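This report describes a protein chain for a reader who is new to structural analysis. Please keep the sequence and the structure in view while reading.

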Amino acid sequence: MTWFKRQSDKIQAAEEKRVRTEGLWVKCEGCRQIIWKKELEDNLNVCPKCDYHFRLNAGERLLLLLDEGTIETNDEELASNDPLTFTDTRPYKSRLQKSQADSGLKDAIINAYGTLQGRPVIVSAMEYSFIGGSMGAVVGEAITRAIERSCREKKPIIVVSASGGARMMEGVVSLMKMAKISAALARLDAARVPYISVLTDPTTGGVTASYAMLGDLNIAEPGALIGFAGPRVIEQTIRQKLPEGFQRSEFLLQHGMLDAVVHRKEMKNYIARALDFMTPKAA
Ligand SMILES: [Zn+2]
């Protein structure tokens, strides 16, 4: 019974000939259609078919808001020293190292100077991919420094939030930053320097409960998840089904939690107009 045995070698799969298509296409979370990545990037990472806003990283955010060639970053040396020597499924130190290697940042934030359509501004942009954009000692300190700089130099500040909330691996140290930033914002308010808070998908937890909602203007991108606790926790607590679209930008605008929902393409123009309105004209 040897007649059906394969005499020659196994057929070689032509691995190297296979065309690599992964990474060229992405599936839209909004309309479930397949979009060419290049087309998506050319459209500011907004779905050309349904306007779903994909997440931007902190660097892309700065490029979106600030004028080309004016961006200058600072406070890059700030890094967490793991104050609680915390370990869950793995040590916090190793999580930090991995996020630092992946993102090229020391923590979940970039502080920058620049001009926005010619107006000098200070921007703090949060990086969601860095441990869920969580706010620990470093993010708190960086935002506080940006606010203090804004206060000293009388330049408006824009904070772009993208965060899961306070960083639990730093426990109370991160919670204290909610108060620290809020106090700095009160001084900024007394100095009459504008603060614009831009809430992007997602902005939750301690970040929503502090600086993200303390702007002179609180504006959000369409469809962003914004809230304090997650919907499941709320449903289980109040034992009621939550309404459709609960905790999305549009719902929050309707219920008075936000001042505006602004499309990504309009964001820079919108902020420029708002700053014109809020700052006195040079005589
Ligand atoms: Zn879409």
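## Basis of the report

The model is predicted, so local features need pLDDT of at least 70 and side-chain atom pairs count only at pLDDT 80 or more, while totals for chains, interfaces and linings use all residues. Residues are numbered from 1 along each chain as its sequence is written, and side-chain values use heavy atoms, with hydrogens and water left out.

## The chain as a whole

The protein chain contains 9 helices and 9 strands; these are DSSP runs, numbered from the N terminus, with helices (H or I) of at least four residues and strands (E) of at least two. Its C-alpha trace spans about 95 × 45 × 45 Å along the principal axes.

Of the 283 residues, 43% are buried (buried means under 20% relative accessible area, exposed over 50%, and partly exposed in between, with a 1.4 Å probe and protein chains only). Among contacts (heavy atoms within 4.5 Å) with a separation of 6 or more, 66% join residues 24 or more positions apart.

## The nonpolar cores

A nonpolar core is a set of buried Ala, Val, Leu, Ile, Met, Phe, Trp, Tyr and Cys residues joined through side-chain atoms within 4.5 Å. The largest one has 37 residues, and those with the most contacts inside it are Val139, Ile143, Ile147, Ile157, Tyr211 and Ile226. Elements that each supply at least two of its residues include α3 (92-103), β4 (109-116) and α4 (137-153). The most is given by α4, with 6 residues.

Leaving aside residues up to four places away in sequence, Val139 touches Asp107, Ala108, Ile109, Met126, Ser134 and Tyr211. A second, separate core of 24 residues includes Leu105, Ala125, Ala272 and Leu275.

## The pair α4 and α5

Two packed helices are described by the angle between their axes and the distance between the axes. The axes of α4 and α5 come within 9 Å and cross at roughly 5°; the axes are lines fitted to C-alpha atoms over the stretch in contact, with angles running from 0 to 180 degrees between N-to-C directions. The two helices are therefore roughly parallel (angles under 35 degrees; over 145 is roughly antiparallel, 65 to 115 roughly perpendicular and the rest oblique).

## A residue in a loop

Ser129 lies in the loop between β5 and α4. Is Ser129 buried or exposed? Ser129 is exposed, because its relative accessible area is 54%.
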